[in-house]
Amino acid sequence: MNGLARFVLRRVISAVPVLIGVTLVSSLLIHLVPGDPARTLLGLKASAAQVAHLDQQLGVNKPLPVQYFHFLESAATGSFGTSILSGRSVGSLIVQRLPVTVWLLGYALVISIVLSVPLAMLAATRPGGIRDHSVRGVSILALGVPPFVAGILLIQLLAVDHRVFPPAGFGTGVGGHIESMFLPSLSLALSGVPLIVRSLRAEMLRVKEADHVTIARAKGLPERAVRIRHILRNALPPGTRCSLSDWPVRSARQSSSRTCSRCPVSATCS
Amino acid sequence: MTYQSKTVGRALLSGAALALCTGLAACGGTASGGTTHSGGTLTIGQVASPDTLDAPNSQSAEAAQVLSLITDTLYQLNPADGGQTLVPGLATGYSLSNGNRTWTFHLRHGVRFSDGQPMTSTDVKFSLLNAKKGAAQGPVDGAIATVTTPDPYDVSITTTRPDAALLSTVSYYSNGVIPHNFAGETANAFWKRPIGTGPFAFANWDYGVSLTLTRNRHYWQSGLPHLSSVVFKPVAEDASRIAGLRAGTLDAIESPPLSEVPALKQDAGVQIMVVPGAQDDSLYINASSGPLSNLTVRRAISLAINRRQIAQGLLFGVGLPASAPLPLNEPLFGPRPAVTQTDTARAKQLLASTPYAHGFSMTLITAAGNALASSIGQVLQQELAPLHIRLTVAPTDQSAAIADLQKGSYQAMFVPDTSGQIDPDVEAVVTSQNEPAELKATLNFPQMSKLALQAEQEFDKITRERLYERYLQLYVQQYDPIPVIYEPQVVAVSNRVKNFRFVQGGYVLTAATVSGR
């Protein structure tokens, strides 16, 4: 067994107790909340018989361990039960929503790279210059705007005032998705761009001083080629790694709390 | 006694009670004018997707809205008066016999389902008996004992005892008429693509994305509907629904936030339709012990509440000050009493005559997440301070709050309440039967309960109205619950749409048209 396979196997095995722990704690937590789910669903004026009937239907009248093992048993076979809200299987709801989520994240990633790389290059060309200050200033401002605020502003500007993009929806077909998902992806991307720009800029400045860049210049390579082939190429992996690995999770949390503890480039965490 | 909750109070404590409750309420509005022309797609932005289209098992307001376009009922709410009365639907009339226990409905001839099959009494019988079996809405039909079909165009419903509310019951959306035996399908398969005699036929449902209905070519009102299709889209975010309306991707949106209504009213392209009093928000009081068991104390609290200020300040003038703990869409309750005028001096005087002249502390439970309830709680805190009543607002998880109410472990609770039908029977009898024991302990309860049962069996409209008026008086006089405000149901419709109407439980779109964007 090679190293990678062993690593993956170890991680999968170690995830099992964590999963059991998480499901156990969350099941118990739900039962700590006072009240009866059937009564909550049916309302105050439902009769006791109605509540008892729904209790039985939902299976919440069984003892706690039985309920938990029933859940584990179903989950192991890929069945996560039925959503009370929609009456559909939870699995089918996840499958239905997954493409939209993947589209959103992928599209946002593409937009953020398209925006970040030129901006970072612009800023790193002359550190301390007006372009550098402008890019960094705008980055700090953008960092302070949560995606939901950016989203509403973008909708107002590009969907309501100028009807360029639809304000909501997923659209049909690839073209429809590209059009409909542009605004949500852009607002999500805007929260990631400042981080990528700042870390990429810092990394480019570091690589700029490296010996191989000096040699490239000494060989008489044009500045453009030096920047793209020698500086950007070497700065991209470390410069984008922390931002990209952290960003989807952080964006999902609506960028309410920004923690950059895992980020190796401290300069990007200001 | 089989009367059950029906839809009343299903979401009693929820901030989104209207969104969850199956009643849109009476009144409503109409956008009319312009020339009538066929075609066009009307897109409506809903707060959520329907839970299911299986009518007897559905619980959401969205399901009721969609199903009321697909199926028709024997009688229906009159769109002309905003749903204040019932008018013939699939039935042309009815006759009573057997000591008012048997209702024979005479069916309209020439009615076809959207699959082209003719509708007869066998279909009506099947529909009613199937609806009665429904877990969620079945209790609505608790009074129905047997259904027989004397001939293809007559259907006789016999009730367990005389029930004056049956006409309202058969008008309820869960009693919409579907083909006998689910047109040969299984129940499950049928409700995935339900068939009815309504103006629109089910076309497609991409769950969470859109639900499309198309014109029913066999609709019994010839030449109608005008629209070629109606599309429902779930848009949970308030801001996105409003943006969709303004951007023209949605033609109508339900429940815009009340804070946005004044701005929308200014918008030239948008018409606002308000159903006043679709929901009443009241303070449920635990009158079993402590200062609040004293009627004079409850009256003093009621006098200290400035309802107009709350309606104006917190509901942006779209809400109304409440004078009774009942929604406004039940015309038989008669005119509501006048709104209690705020009189803090008199409230102080009253309180001084009780052993609580120096005040007391009380806790008001609100549903966590119901922002309006919390804001009202804060206003009440200030308004009760001059009476030396120290009010603490305790936002509580909804299921915990319901449990508290059931157990009677609360002092005061903010409870929103809506009603799914216009007949007060549901509200009155249900209040008598299924209220928590501690609510039943109130002063006037035995008398109210008697009146409710009497009114249920009274077929003379005027006598019935009097009984309900008396019921209402008793309810109001006990100051438990203390009414605070009526919350409206609001729909914002683009000016492109003409003849858009809505009544309790759904939209009436038979005459609606939409012009190009």
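Q: Before we start, what sort of model is this?
A: It's a predicted model.

Q: What makes Asp51(B) count as buried?
A: The cut-off is 20 or more other C-beta atoms within 10 Å. Asp51(B) has 21 such neighbours, so it counts as buried.

Q: Where along chain B is Asp51(B) found, and what does it touch?
A: Look in the loop between strand E2 (41-46) and helix H2 (61-70) of chain B. Leaving out residues up to four places away in sequence, Asp51(B) touches Ser58(B), Gln59(B), Ser60(B) and Ala63(B), plus Leu85(A), Ser86(A) and Gly87(A) from chain A. As for Ala64(B), 13 residues along the chain, its C-alpha atom is 9.9 Å from that of Asp51(B).

Q: Why are H6(A) and H9(A) called oblique to each other?
A: H6(A) and helix H9 (residues 182-208) of chain A pack at about 140 degrees, and their axes are 8 Å apart. Angles have to be over 145 to count as roughly antiparallel, so H6(A) and H9(A) are oblique to each other. Their crossing is left-handed. The residues in contact include Ile140(A) and Leu143(A) of H6(A), and Leu190(A) and Val197(A) of H9(A). By class, the contact has eight nonpolar residues, one polar and one charged.

Q: How many helices and strands does chain A have, and how much of it is buried?
A: Chain A has 11 helices and zero strands. Of its 270 residues, 25% count as buried.

Q: Why do strands E5 and E7 of chain B each have one side without a neighbour in the sheet?
A: Start with the order: four strands of chain B form an open, antiparallel sheet, E5-E6-E8-E7. Strand E5 (91-97) and strand E7 (144-151) stand at the edges with a single partner strand each, so one side of each is left without a neighbour in the sheet. From one strand to the next, the twist averages 20 degrees.

Q: Which helix lies across E6, E7 and E8 of chain B?
A: That's helix H3 (residues 121-132) of chain B, running at about 170 degrees to E7(B).

Q: What makes helix H6 of chain B mostly covered?
A: Eight of its 10 residues are buried, among them Ile242(B), Gly244(B) and Leu245(B). The buried residues pack against helix H7 (147-161) of chain A, and against E2 and strands E12, E13 and E18 of chain B. Just after H6(B), Gly248(B) takes a positive phi of about 90 degrees.

Methods:
Residues are numbered from 1 along each chain as its sequence is written. Chains are lettered from A and ligands numbered from 1 in the order in which they are written. This is a predicted model: local features need pLDDT of at least 70, side-chain atom pairs count only at pLDDT 80 or more; totals for chains, interfaces and linings use all residues. Helices (H or I, at least four residues) and strands (E, at least two) are DSSP runs, numbered from the N terminus. A residue is buried if 20 or more other C-beta atoms lie within 10 Å of its own, exposed if 12 or fewer, and partly exposed in between; C-beta atoms are placed from the backbone. Two residues are in contact if their C-beta atoms, placed from the backbone, lie within 7 Å. Two strands pair if DSSP finds at least two bridges between them. Axes are lines fitted to C-alpha atoms, for helices over the stretch in contact, and angles run from 0 to 180 degrees between N-to-C directions. Angles under 35 degrees count as roughly parallel, over 145 as roughly antiparallel, 65 to 115 as roughly perpendicular and the rest as oblique. A crossing is left-handed if the near helix is turned anticlockwise from the far one by less than a right angle, and right-handed if clockwise. Ala, Val, Leu, Ile, Met, Phe, Trp, Tyr, Cys and Pro count as nonpolar, Asp, Glu, Lys and Arg as charged, and the others, Gly among them, as polar.
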